[in-house]
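Here is a friendly walk through one model, written for someone who likes to know the cut-offs behind each term. Please have the viewer open as you read.

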Amino acid sequence: MAKRRNDGIAFATRMVAGSGVVLVVLALLAFGFRSAFGTAIGAALATSNLWMLGKIIEALLPPGDDADGDADDDAPPPSRSRGSSALLWSFLAGLKILVLFGGAWMLMTKGWASPMALCAGYGALPIGITLSTLRASMRTRRRL
């Protein structure tokens, strides 16, 4: 079911954002405002990157697919045409990468954020995904 897949990505996105907030506070306390600002930018990049990736996956995968691979047999046939929509979302996926790398390059070359602070903020992505995966794993164990 698409709803279930969206819930997992939405939760992971919230966990990445929450991890980013924690990293920003830690950077503020340990290194000051300038580092916290760079960390906030990195965390915002990580969160928006995952959010956009979720939207792209949602658009490209056929409706009715479940996270477990089970398709709903009673579901109506897909009503949307995927040809031009898939092409548009594929284009947006490429644009997302260009904006991510181009934005990070511009921030670093202009001196608006240090590379270390950006990397620290972008660290919210693996932390948030790990936390959301641990939650999913614990939910699965409770069902068993």
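How do the axes of helix 4 and helix 5 cross, and within what distance do they come? They come within 5 Å and cross at roughly 10°, which makes helix 4 roughly parallel to helix 5 (angles under 35 degrees count as roughly parallel, over 145 as roughly antiparallel, 65 to 115 as roughly perpendicular and the rest as oblique). Axes here are lines fitted to C-alpha atoms, for helices over the stretch in contact, and angles run from 0 to 180 degrees between N-to-C directions.

Before going on, a word on the source: this is a predicted model, in which local features need pLDDT of at least 70 and side-chain atom pairs count only at pLDDT 80 or more, while totals for chains, interfaces and linings use all residues. Residues are numbered from 1 along each chain as its sequence is written, and side-chain values use heavy atoms, with hydrogens and water left out.

**The chain as a whole**

The chain has five helices and zero strands, in the order α-α-α-α-α along the sequence. Helices (H or I, at least four residues) and strands (E, at least two) are DSSP runs, numbered from the N terminus. Of the 144 residues, 26% are buried, where buried means under 20% relative accessible area, exposed over 50%, and partly exposed in between, with a 1.4 Å probe and protein chains only. The chain exposes about 9,400 Å², and carbon and sulfur atoms supply 71% of that area. Contact means heavy atoms within 4.5 Å; among contacts between residues at least 6 apart in sequence, 75% join residues at least 24 apart.

**Helix 4 and its partners**

Where helix 4 meets helix 5, Ala120, Gly121 and Tyr122 touch Ala124, Leu125 and Pro126. Helix 2 (residues 33–60) also packs against helix 4 (residues 115–122), at an angle of about 45° with the axes 6 Å apart, so the two are oblique to each other. Helix 2 contributes residues including Gly38, Ile41 and Leu45 to this contact, and helix 4 contributes Ala117 and Leu118 among others. The classes of residue are set out below; Ala, Val, Leu, Ile, Met, Phe, Trp, Tyr, Cys and Pro count as nonpolar, Asp, Glu, Lys and Arg as charged, and the others, Gly among them, as polar.

| Contact | Nonpolar | Polar | Charged |
|---|---|---|---|
| Helix 2 with helix 4 | eight residues | six residues | no residues |
| Helix 4 with helix 5 | five residues | one residue | no residues |

**Two buried side chains to look up**

Ser132 lies in helix 5 (residues 124–143) and counts as buried because its relative accessibility is 10%. Leaving out residues up to four places away in sequence, Ser132 touches Phe11, Ala12 and Met15. Thr47, in helix 2, is buried at 17% relative accessibility. With that sequence exclusion, Thr47 touches Thr13, Val16 and Ala17.

Conventions
Accessible areas come from the Shrake-Rupley method with a 1.4 Å probe; for residues, only the protein chains shown count as cover.
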